Amino acid sequence: MIPPLRLEKMRAVYWAMAAFAVVYIALDLNKFYALRYGADMGTFLQTISNMRHGSSWNFGEWRPHLEVHDSWILFALVPFVALVPRGETLIVAQVLVVASAAVPLALFAREIGVSPRSANLLAIAYLLSPSAQGFTYDNFSENVFVPLLAFGAALFVRRRALWPTLLCAELLMGVKEDEILFVAWFAAACYVFWDRRIGAAAFVLAAVNAGAFWG
């Protein structure tokens, strides 16, 4: 059995996450104060602010956001926006969420046999990747939750942990409706090649979410 990567052995990853957060929060704030963000920043800020009062209406889409996308995971940001209802809150949130995905990625790498040193390097490489940097140096989007939840789901599937897998899958499908298709495809592959119980349960969960959204 492969020894798991202990969290205390990931100091390099933590330092890389901290550096990533400091650099990109600074860059994003500079971009924000230079008025170089697009309309989505204001749209999501208004959406999340209104969610506090039971509505996802925003003037960018001229309708409730939840009638456009199945993005109920945005409710997770309501307490923070309620506390500080400013664009800076979304900037900090998106950087920290993207950076935090490095942890489950390193743990997953260790689970599949990668050495502790290489697992840490893989997580750091993720932070240096154009995708991670693009997520954080762009308009706010609910898609910033995808790396964290996808890596988390992969980790729990590898460990054959049913309920944590289903939790990650459900949260992932709450990012946007197209993630329902991804979860269904992943569940089918899991059923055929890895764990039938997890694959079947995740596929049923995807079907329920699809019916709720399209119905």
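**Close-up views of a predicted model**

View 1. Leaving aside neighbours within four places in sequence, Asn 209 is in contact with Glu 170, Met 173 and Ile 180. This legend, like those that follow, describes a predicted model. Asn 209 belongs to helix H11, which comprises residues 196-214, and with a relative accessibility of 8% Asn 209 counts as buried, because the value is under 20%. A polar atom of the Asn 209 side chain lies 2.8 Å from the backbone oxygen of Leu 205.

**View 2. His 65 and its polar contact with Glu 142.** His 65 is located in the loop between strand S2 (63-64) and helix H3 (78-83), where the residue is buried, its relative accessible area being 2%. The side chains of His 65 and Glu 142 are joined by a polar contact of 3.0 Å.

**View 3. Two edge-to-face aromatic pairs.** The structure holds 12 aromatic pairs, and one of them is formed by Phe 32 and Tyr 37, whose ring centres are 6.0 Å apart and whose planes make an angle of 65°, an edge-to-face arrangement. Tyr 37 counts as buried, at 13% relative accessibility. Phe 44 and Phe 140 form a pair with a centre distance of 5.4 Å and with planes at 70°, so that this pair too is edge-to-face. Because Phe 44 lies in helix H2 (residues 39-51) while Phe 140 lies in the loop between helix H7 (130-136) and helix H8 (146-158), the pair ties together parts that are 96 residues apart in sequence. Both partners are buried, Phe 44 with a relative accessible area of 6% and Phe 140 with a relative accessible area of 1%.

**View 4. The aromatic cluster that includes Tyr 137, and the lysine over its ring.** One aromatic cluster is formed by Phe 20, Tyr 24 and Tyr 137. Lys 31 lies over the face of Tyr 137, at 4.7 Å from the centre of the ring.

**View 5. Helix H1 packed with helix H6.** Helix H1 (residues 11-33) packs with helix H6 (residues 116-128) at an angle of about 10°, and their axes are 9 Å apart. This angle makes H1 roughly parallel to H6. On the H1 side the residues that meet H6 are Ala 12, Val 13, Ala 16, Met 17 and Phe 20, and their counterparts in H6 are Asn 120, Ala 123, Ile 124 and Leu 127.

View 6. Helix H4 (residues 87-100) and H5 pack at an angle of about 5°, with their axes 5 Å apart. That angle makes H4 roughly parallel to H5. Val 98, Ala 99 and Ser 100 in H4 meet Ala 102, Val 103 and Pro 104 in H5. Pro 104 is found in helix H5, which spans residues 102-111, and counts as buried at 9% relative accessibility. Not counting residues up to four places away in sequence, Pro 104 touches Leu 148, Phe 151, Gly 152 and Leu 155. From C-alpha to C-alpha, Pro 104 and Ala 154 are 8.6 Å apart in space, although 50 residues separate them in sequence.

View 7. Most residues other than glycine have a negative phi. In Leu 35, however, phi is near 60°, a positive value in a residue other than glycine. Leu 35 is found in the loop between H1 and H2 and counts as exposed, because its relative accessibility of 74% is over 50%. Phi of Arg 160 is likewise positive and near 60°, and Arg 160 has its place in the loop between H8 and helix H9 (162-173). With a relative accessible area of 39%, Arg 160 is partly exposed, and the charged end of Arg 160 sits over the ring of Trp 194, 4.0 Å from the centre of that ring.

Technical notes. Residues are numbered from 1 along each chain as its sequence is written. This is a predicted model: local features need pLDDT of at least 70, side-chain atom pairs count only at pLDDT 80 or more; totals for chains, interfaces and linings use all residues. Side-chain values use heavy atoms; hydrogens and water are left out. Helices (H or I, at least four residues) and strands (E, at least two) are DSSP runs, numbered from the N terminus. Buried means under 20% relative accessible area, exposed over 50%, partly exposed in between (1.4 Å probe, protein chains only). A polar contact is a pair of N or O atoms within 3.5 Å; within protein, one must be able to donate a hydrogen and the other to accept it, and residues adjacent in sequence count only if both atoms are side-chain atoms. Contact means heavy atoms within 4.5 Å. Rings of Phe, Tyr and Trp (its six-membered ring) pair if their centres lie within 6.5 Å; planes under 30 degrees apart count as stacked, over 60 as edge-to-face and the rest as tilted. A charge sits over a ring if NZ of Lys or CZ of Arg is within 6 Å of the ring centre and within 35 degrees of the ring normal. Axes are lines fitted to C-alpha atoms, for helices over the stretch in contact, and angles run from 0 to 180 degrees between N-to-C directions. Angles under 35 degrees count as roughly parallel, over 145 as roughly antiparallel, 65 to 115 as roughly perpendicular and the rest as oblique.
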